[in-house]
Amino acid sequence: MKKYMISVLFLSLFFTGCGEKKDAPVTKQTIDVAALLKQDPSIEPVVVIGGGIAGLTAANYLLQANVPCLVLGGPKPGGALAQSDSVRNWPGIFDAPGVAITDSLKDQAERNGAQIEAKSLISIDTKQQPFVLTVQDESGRQETIKTLSCIIAMGTTPNYLGIPGEQEYWGYGVSNCAVCDGALFKNEIVAVVGGGDSAMVEASYLASIAKHVFVLVRGDGPRASDKRKVKQVKALPNVTFMYNTVVSAIRGDGKVITHLELADTKSETAKQNLDIDGLFLAIGSTPNTKIFTDQIKCDATGYLSLVKGQETSIEGIFAAGDICDPFVKQAVTASSMGCQAALQAKEYLDKIGYSAAAAGLSQAIVERSLVDVEKLRSEKMPASAQALVLTIDSLEAAKTLIKECRNRLLVVDIYDKYCIPCQKMAPIFASCAQDYVSKVTFAKLNVSDKSIDVGQFTRLVGSSEEITQVPTFLFIRKGKVVLRKSESMTKEALAALIESTKAK
Ligand code: NDP
């Protein structure tokens with residue numbers, strides 16, 4: 001039977017070494033951030049590279065500190081934890097699929113205003129400030145992003161055996177992700193290679209699907225740190241551990257894998273072949289540091305070296321999670337490193353003057369950002385869509401609009417010109433206006449606009465509840481608020497809310 005699997009082999013990602021042999025962060029020349037931002041308003045204060053636990057936690061902390069944050073999540077945000085079907089050591093949760101944890105962090109980051117893009121880092125230039133990142137989207141389109149600082153949270157890539165048959169049968173019986181491919185082996189015989197925590201997780205998952213699971217450990221026993229899990233897996237009736245055993249070749253019939261050639265690590269002799277239908281590798285991983293070769297210091301095993309807290313050998317560049325953690329590699333430690341990296345990045349931005357500039361302590365910056373924010377709102381949406389979103393700039397205008405929308409839904413985006421999530425919602429809102437043209441009226445009201453009091457407006461539409469958060473969306477039918485949402489959302493979610501008000 002032909003097995004079509006969804007995981008991908010990244011043999012080309014083997015570590016090649018990196019390193020700048022310096023022990024203190026390389027201090028950048030003093031930079032005039034205000035001048036830089038004035039010259040190029042697209043410069044990001046911080047880019048988080050990686051959408052796993054470490055990156056998402058960093059994003060949440062940055063946004064709570066009011067630092068706008070772009071997250072390059074790669075094609076599969078969620079990171080390594082998303083591969084685990086059962087996580088039992090995340091604080092406060094007895095047992096949850098990894099993806100539930102990463103999804104909740106992603107949702108939290110998005111609600112806080114994070115811009116999470118499915119882009120991957122291709123190269124980085126740390127020799128100039130701002131740093132220049134070259135990134136690539138899923139279609140292969142490349143662009144450069146300039147940033148004052150960044151947090152590298154790119155994790156590790158699973159290792160491969162490098163034995164005959166591995167590449168030939170990859171996706172045809174060989175995999176490194178039981179959650180992705182395990183279902184293909186219902187009532188069949190599979191083997192897991194490795195004796196670490198990942199191997200235990202994979203074996204336990206596969207045991208609930210496959211007829212039998214062999215766990216092939218090259219040492220005298222499993223070295224997984226979760227001893228309770230080891231005990232649990234060993235107790236399963238359809239799991240057999242084989243120690244001092246390595247796979248020397250993966251054999252098949254040209255289409256799918258049929259058996260493994262095994263060897264004894266103690267006697268260095270061949271063992272009897274093992275007939276199997278599927279093989280799952282759980283043999284550790286290699287840090288994704290190849291890109292940083294010759295720019296950022298790494299340790300002898302290729303993990304990013306930390307110089308001061310989470311700061312790397314380059315001032316303004318921080319690291320978090322498995323990419324700088326050769327030993328522990330736990331979700332909770334990745335999260336904690338993400339937090340520390342974010343706080344240090346904020347401290348760095350304060351030091352170089354970004355935060356002062358952004359907070360408006362410099363009048364010149366305030367004036368520039370006022371112009372730019374409005375410009376950004378208009379640049380990000382086509383003029384045709386923009387024109388569909390009406391502006392409520394007086395109580396009289398509001399009254400007229402409500403009257404005109406007696407027989408149709410009116411959706412009002414209550415925003416503030418300084419609010420980053422509001423800026424991000426603006427093009428989504430305009431795009432929805434285009435989709436619902438002639439069916440729904442879309443309008444925006446700026447809470448900073450002195451010509452209209454937002455409280456007066458909400459009372460006008462029958463709501464006594466104050467607006468305490470932006471963006472807030474009011475869905476108004478027959479002059480009354482029928483639904484209110486105070487959060488950023490996707491276009492699909494906004495459309496779903498519009499649809500949901502039809503019955504009201
Ligand atoms: P590990 O590096 O911990 O374990 C790798 C295993 O694969 C070891 O048993 C190793 O053997 C074996 N191995 C390596 N290369 C080969 C090879 N060529 N042939 C045969 N066997 C090989 O990796 P994991 O992915 O298991 O774990 C990484 C980290 O993530 C750990 O710190 C772990 O605790 C953590 N983790 C935590 C989880 C949790 O739920 N809490 C889940 C998964 C991982 P040997 O011992 O001989 O070197």
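**Parallel sheet**

I started with Val 215, which stands opposite Phe 241 in strand S11. This is a predicted model, so I keep in mind that local features were only taken where pLDDT is at least 70. S11 pairs with strand S10, residues 212-216, in the parallel sense, and I count four bridges there. Next I looked up the sheet that holds this pair. Five strands make it up, in the order S8-S15-S9-S10-S11, and the sheet is open with parallel pairing. Its edges are strand S8 (174-175) and S11, each of which pairs on one side only.

**Just past S11**

I followed the chain into the loop between strand S11 (239-242) and S12, where Asn 244 sits. Asn 244 is not a glycine, yet its phi is positive, about 50°. I noted it because most residues other than glycine have a negative phi.

**The hairpin**

Then I went on to strand S12 (residues 245-252), which pairs with strand S13 (residues 257-264). The sense is antiparallel here, over seven bridges. At one spot in the pairing I find Thr 245 opposite Asp 264 in S13. What sits between the two strands of this hairpin? I get four residues, and Gly 254 takes a positive phi near 95° in the hairpin.

**Cis peptide**

Which residues does the cis bond join? They are Gln 129 and Pro 130, with omega at about 0°. I flagged this one because most peptide bonds are trans. Pro 130 belongs to the loop between strand S4 (120-125) and strand S5 (131-136).

**Aromatic pairs**

I ran through the whole structure for ring pairs and have six of them. I wrote down Phe 185 with Phe 280: edge-to-face, 5.6 Å centre to centre, 80° between the planes.

**Ligand site**

How many residues surround the ligand? I get 19, and the closest are Asn 89, Gly 195, Asp 197, Ser 198 and Arg 223. By class, the shell splits into seven nonpolar, eight polar and four charged residues. Helix H5 (residues 197-207) gives the largest share of the shell, three residues.

- Asp 197 has a polar side-chain atom 2.4 Å from an oxygen atom of the ligand.
- Asn 89 puts a polar side-chain atom 2.6 Å from a ligand nitrogen atom.
- Lys 329 takes part through its backbone instead, with an N or O atom 3.4 Å from a ligand oxygen atom.

I also looked up the cover: the ligand on its own has 910 Å² of accessible area, and the protein covers 75% of it.

**Mixed sheet**

Last, I went to the open sheet with mixed pairing, five strands in the order S18-S20-S19-S21-S22. Which strands are at its edges? They are strand S18 (389-391) and strand S22 (480-485), each pairing on one side only. S18 runs parallel to strand S20 (residues 440-446), and three bridges join them. Thr 391 is the residue I picked out there, standing opposite Lys 444 in S20.

Note on methods
Residues are numbered from 1 along each chain as its sequence is written. Side-chain values use heavy atoms; hydrogens and water are left out. A residue is near a molecule or strand if one of its heavy atoms lies within 4 Å of it. A polar contact is a pair of N or O atoms within 3.5 Å; within protein, one must be able to donate a hydrogen and the other to accept it, and residues adjacent in sequence count only if both atoms are side-chain atoms. Accessible areas come from the Shrake-Rupley method with a 1.4 Å probe; for residues, only the protein chains shown count as cover. Ala, Val, Leu, Ile, Met, Phe, Trp, Tyr, Cys and Pro count as nonpolar, Asp, Glu, Lys and Arg as charged, and the others, Gly among them, as polar. Two strands pair if DSSP finds at least two bridges between them. Rings of Phe, Tyr and Trp (its six-membered ring) pair if their centres lie within 6.5 Å; planes under 30 degrees apart count as stacked, over 60 as edge-to-face and the rest as tilted.
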